[in-house]
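These are my notebook entries on a single structure. I list what I looked up, entry by entry.

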Amino acid sequence: MTAGLKREFRRLLLEAVSRDNILPLTSVCNLRCVFCSHRRLPAGVDMHRFPPLPLKELAELIPFLDRHSRIVIGESATRLCEGEPFTHPDILALLGLLRRHFPCTPLQITTNGTLLGEKVVTALQRLQGETELGEPLLEMVISLNSSTAEVRRAVLGDDEPRRALDGLELCRRRGLPFHGSVVAVPHLGGWDDLEKTLLLLDTQGARTIRLFLPGYTRATPVKERGHNSLWEDVYLLRQRMSARLRCPLLLEPPLKKDLVARVEGVIEETPAAAAGLQAGDIITAVDGKNVLSAVAAFQRIKEASRPLLTVRRPAGPPARDPARPETAEYCIQLEKQKGALPGLVMERDLTKESIDLVYGAIARHKARLPLLLTSRAAAPLWQAAREQGLIPSCTCISIVPNRFFGGTICTAGLLTVSDLYRHLTSVLQEREADLLLLPGAPFDRRGLDLCGVSYRELSRAFPGAIMEILS
Ligand code: SF4
């Protein structure tokens, strides 16, 4: 590594730790999943792969973590590719070090589950406990992806397919709390395997399961992409399986189309479960104040002590059909402390802060023709915000296609400066704008996108335009 690259790598490490509370360990992984996002990046993406970081270097990063937020291990951050954390030779020593530094901070470890043997699970048990708010001090996210030996071999490149299943079983027996995650690839592994995998995670005690839609980029070979209606088929499977599972099943990305605070599921043995909340319930107010969005409702419930929820429950048994007529409105009090998680799950939409940012920028610049650039996934949410009068009606919402990543990619985090440049060039030929509002998700702290290009290139390309980054 050159000195410049080392500096940049160090900066990204510090950003992951101090901004996202993610501690990167290694890009090494012991599987070779066909669908792994690290393998299908178009040329030009400036992602860093790195060997296991020395324990000494990791120890130096620990003081930059925030003890008041959950510390995350095993997730990619900014432009750092994270692999399987339990391949790190010093992971158990590191976890011990973290627990000594942060005895009361929850840890979340994302793993493919293949290395959850006797020794590792016993060490993880020692990190268990509860925060003063009654939440687990350690939670695992087990990315199982498949439960069939042949599919694990062929699609995940897992030469010892029993290991992950045994690891899951061991976690259940030892009472280690975990969430499940599954990338839906029925076109590669079959629908039967997908259903069995969701059922297995549920019966082994997953608190929630995230089902990832099978996204692909323009760099993905055609034979790995699946048919055009795959997302709709996975969506329907999710609806069917939700009725069969004990735990909440959530789609990722959620592709939510409205700002309704709809309960998607309830985690067992939590305040929401004790209060009788159900999937399909719609929360309209918290402590008598109307809610702006699902995320805003969740934040308010979390921050409150014994919040009183006004809830509309659709007629009939719990269901997720938003078109079903609502019949009853009633109040539910959640017996929870201030700051404790309520145990209900909702799909992500817009935060109050992001709505306030748009509103504030338009007011500050007295803009009459503001242009809000957004991803395809977030566009319906902003349209709903405009219809509800949460942002000014003069706001033009303009969808920026993810041309650089291509394929089915439709989220703001994977937009690039080149996407924004191409889009602005064509849109500004057709309409006037006195304020350009750009999404903040594509950029790191220095304003660089995933290709390492600065958003300042846009100011240079459109010199007269007033721009604001929404972050
Ligand atoms: S387990 Fe995760 S990081 Fe490893 S190859 Fe599979 S998707 Fe990629």
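This is a predicted model: local features need pLDDT of at least 70, side-chain atom pairs count only at pLDDT 80 or more; totals for chains, interfaces and linings use all residues.

**Entry 1: Tyr330**

In which strand is the place of Tyr330? I found Tyr330 in strand β11, residues 326-333. Helices (H or I, at least four residues) and strands (E, at least two) are DSSP runs, numbered from the N terminus. Residues are numbered from 1 along each chain as its sequence is written.

A residue is buried if 20 or more other C-beta atoms lie within 10 Å of its own, exposed if 12 or fewer, and partly exposed in between, with C-beta atoms placed from the backbone. From C-alpha to C-alpha, Tyr330 is 8.3 Å from Leu309, and the two are 21 residues apart in sequence.

**Entry 2: the chain as a whole**

I counted 15 helices and 16 strands in the protein chain. The radius of gyration is 23 Å, close to the 23 Å that the globule rule gives for 471 residues, so the chain is as compact as a globular protein of that length. The radius is taken over C-alpha atoms, and the rule is 2.2 Å times the number of residues to the power 0.38. Along the principal axes, the C-alpha atoms fill a box of roughly 65 × 65 × 45 Å.

Of the 471 residues, 38% are buried. I also looked up contacts, defined as pairs whose C-beta atoms, placed from the backbone, lie within 7 Å. Among contacts between residues at least 6 apart in sequence, 76% join residues at least 24 apart.

**Entry 3: domains**

The domain assignment gives domain 1 (3-252), domain 2 (265-345) and domain 3 (352-470). Such bounds come from an automatic or database domain assignment. Taken over C-alpha atoms, the centres of domain 2 and domain 3 are separated by 32 Å.

**Entry 4: the nonpolar core**

Which residues touch the most other members of the largest nonpolar core? I recorded Ile209, Ile283, Ala297, Leu373, Leu435 and Leu437, in a core of 111 residues. Helix α11 (residues 294-303) supplies the largest share of this core, six residues. A nonpolar core is a set of buried Ala, Val, Leu, Ile, Met, Phe, Trp, Tyr and Cys residues joined through C-beta atoms within 7 Å.

Not counting residues up to four places away in sequence, Leu435 touches Ala361, Ile362, His365, Ala367, Pro370, Leu371, Ile466 and Glu468.

**Entry 5: the ligand**

What surrounds the ligand? I listed Cys29, Leu31, Arg32, Cys33, Cys36, His38, Gly83, Glu84, Asn112 and Ser143. A residue is near the molecule if its C-beta atom, placed from the backbone, lies within 6 Å of it. By class, I have four nonpolar, four polar and two charged residues in this shell. Ala, Val, Leu, Ile, Met, Phe, Trp, Tyr, Cys and Pro count as nonpolar, Asp, Glu, Lys and Arg as charged, and the others, Gly among them, as polar.

**Entry 6: backbone geometry**

Most residues other than glycine have a negative phi, and most peptide bonds are trans. I therefore looked for departures from this pattern.

- Glu252 and Pro253 are joined by a cis peptide bond, with omega about -5°; Pro253 lies in the loop between β6 (249-252) and β7 (265-266).
- Arg306, not a glycine, has a positive phi of about 45°. Arg306 sits in the loop between α11 and β10 (308-314) and is exposed, with 12 other C-beta atoms within 10 Å.
- Lys366 has a positive phi near 50°. Lys366 belongs to the loop between α12 (352-364) and β13 (370-374) and counts as exposed, with 8 C-beta neighbours inside 10 Å.

**Entry 7: two alanines**

Ala379 is in helix α13 (residues 379-387) and counts as partly exposed, with 18 C-beta neighbours inside 10 Å. Leaving aside residues up to four places away in sequence, Ala379 touches Thr374, Ile397 and Ile399.

Ala275 is in the loop between α10 (271-274) and β8. Beyond its neighbours within four places in sequence, Ala275 is in contact with Ile332, Gln333 and Leu334. The C-alpha atoms of Ala275 and Leu458, 183 residues apart along the chain, are separated by 51 Å.

Technical notes: Two residues are in contact if their C-beta atoms, placed from the backbone, lie within 7 Å.
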